[in-house]
Amino acid sequence: MPIKLLRSFAFRQGLVYLALFALSALALLGFIYGFSAGYLSRQTDATIAAEITALEERYQAAGLAGLQRQIARRVRRQKPTTSSLYLLADRNYRPLTGNLSRWPAAARREEAGAWVDFTIGGAVDGDDFFAPRPARARVFRLRGGYRLLVGRDLHDLQQVREAIARALLLGLLITFLLALGGALVSSRSATRRIETINQAARDIMQGDLSRRIQSHGSGDDLDQLTENLNRMLARIEQLMSGVRRVSDNIAHDLRTPLARLRGRLESIRDGEGGGAALDEALADTDRLLATFNSLLRIARIESAAGAAGRAVDLAAVVRDAVELYQPLAEGKGQSVVAHINPAPQVRGDHHLWFQALANLLDNAVKFTPPGGRIGVELATTGRGPQITVTDSGPGIAEEMREKVFQRFFRAEQSRSTAGNGLGLSLVKAVADMHRVTITLGDNRPGLRVELQF
């Protein structure tokens, strides 16, 4: 048996269950034995009592002589398999009739009507001696000092008890062996499945992030653990891919402004451009700082444990965001239509939600052409409050709607529009922090963004 299996938690747990099962089985079998032995003993006592009643009636009817004849007849008619014991003796314990050769020493000092347990090893039906065997009888005193003993040979009862005990012990042994085998089988199965998880973990630690744990398909606790681990691994792989993608995008998106900033600084060093070049360099620096600040803000939001505990008036948040961007939209010839209905307050961060709505409206104003329409609605559905922002711009293709939440991803491949591709990433981070579902849809034309609380 492998040492690894013996040291496994599953095997030790199986041994604990085995010990508990063995104790339970032992208690049950002990009860069965005690009940069976007690039943046989009560049956023996009932048989002795019945014979005593019959002999007492005979004694009352025919006296001592009639009692002697009755005992003699019973002894003669007794079959070899019958275990009844009779002995009529005088006041000096000398046998008069019966199938015992002498009065038991254990019964000499017993009072009338008392039960006595003793051992017989003398002659029955002659002078043939046999091995000592247990017996049980009841003693009576008759008129004239005579004594009567009526009992049963318990040899057959003892054999039955021993047979029951052997059967119960054998059953307990078989039960123990079967339980031990079951513990080994179940432990081996659990150990094998745990080893599968360990092997997958070792592969992942060596760099194979695409490795997944094979499910057993039984739907038990280990399968649920496997599914959760696989989801966790998928999330880790997604985050690692996001980190690599962010690194690539940072290198791609910031290389140009950094190169432009370096060129302007060189021009200033060489005395070219003057104050205008310095202003442009400062503007480039501000844009770079804003980009990094956005990245840090998104990282802080994503690492937050949950939404803040203050009550947020969504109607006020939506109203403030619309009032901020409405002049900008009207300046571009766009119309902003807002339907802000009363909604239940939610728990969260007022400033984060204002920033998220501001980002959505900024994108809507940025991509909606002149004469277009921007819609903002706050309503209460059967699931809770819902904020909807729509525009009549180019929209986002369905295959890109999940990608736009990635940092620095921009659906506009030409990247001619101002921005750094972090707006929707921040909106997604705020929504996830507050456990709000964000959905992108087709406004026909344009984009439809739904925030379902």
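**Reading exposure, sheet and loops**

Colleague: How do I read the accessibility of Phe176: buried, partly exposed or exposed?

Modeller: Phe176 is partly exposed, with a relative accessible area of 36%. Buried means under 20%, and exposed means over 50%, so a value in between counts as partly exposed. Keep in mind that this is a predicted model.

Colleague: Where does Phe176 lie?

Modeller: Phe176 lies in helix 3, residues 155–205.

Colleague: Which residues make the nonpolar surface patch?

Modeller: Leu170, Leu173, Ile174, Phe176, Leu177 and Leu178 make the patch. Its area is about 580 Å².

Colleague: Next, the sheet. What is the strand order in the open sheet?

Modeller: The general idea comes first. Strands of a sheet pair through backbone hydrogen bonds, in a parallel or an antiparallel sense. Here, five strands form an open sheet in the order 2-1-5-4-3, and the pairing is antiparallel.

Colleague: Which are the edge strands?

Modeller: Strand 2 (95–98) and strand 3 (115–120) are the edges, as each pairs on one side only. From one strand to the next, the twist averages 30°.

Colleague: How many bridges join strand 4 and strand 5?

Modeller: Seven bridges join strand 4 (residues 133–141) to strand 5 (residues 147–153), in the antiparallel sense. For a landmark, look at Val139, which stands opposite Leu149 in strand 5.

Colleague: Now the loops. What is the peptide bond from Arg444 to Pro445, cis or trans?

Modeller: Read omega. From Arg444 to Pro445 omega is near 0°, and the bond is cis. Pro445 sits in the loop between strand 11 (437–442) and strand 12 (447–452).

Colleague: What is the phi of Arg444, positive or negative?

Modeller: Phi is positive, about 55°, although Arg444 is not a glycine. Arg444 is in the loop between strand 11 and strand 12. With a relative accessible area of 72%, Arg444 is exposed, because the cut-off is over 50%.

Colleague: And what is the phi of Arg435?

Modeller: Arg435 also has a positive phi of about 55° without being a glycine. Its loop runs between helix 8 (423–433) and strand 11. Arg435 is exposed, at 66% relative accessible area.

Colleague: Last one. How far apart are Glu280 and Arg260, in sequence and in space?

Modeller: They are 20 residues apart in sequence and 9.6 Å apart in space, C-alpha to C-alpha. Glu280 lies in helix 5, residues 274–303. At 39% relative accessibility, Glu280 is partly exposed.

Conventions:
Residues are numbered from 1 along each chain as its sequence is written. This is a predicted model: local features need pLDDT of at least 70, side-chain atom pairs count only at pLDDT 80 or more; totals for chains, interfaces and linings use all residues. Side-chain values use heavy atoms; hydrogens and water are left out. Two strands pair if DSSP finds at least two bridges between them. Helices (H or I, at least four residues) and strands (E, at least two) are DSSP runs, numbered from the N terminus. Axes are lines fitted to C-alpha atoms, for helices over the stretch in contact, and angles run from 0 to 180 degrees between N-to-C directions. Buried means under 20% relative accessible area, exposed over 50%, partly exposed in between (1.4 Å probe, protein chains only). Patches are made of residues with over 30% relative accessible area and no salt bridge: like charges are joined within 9 Å, nonpolar side chains (Val, Leu, Ile, Met, Phe, Trp, Tyr) within 5 Å. Accessible areas come from the Shrake-Rupley method with a 1.4 Å probe; for residues, only the protein chains shown count as cover. A salt bridge is a side-chain nitrogen of Lys or Arg within 4 Å of a carboxyl oxygen of Asp or Glu.
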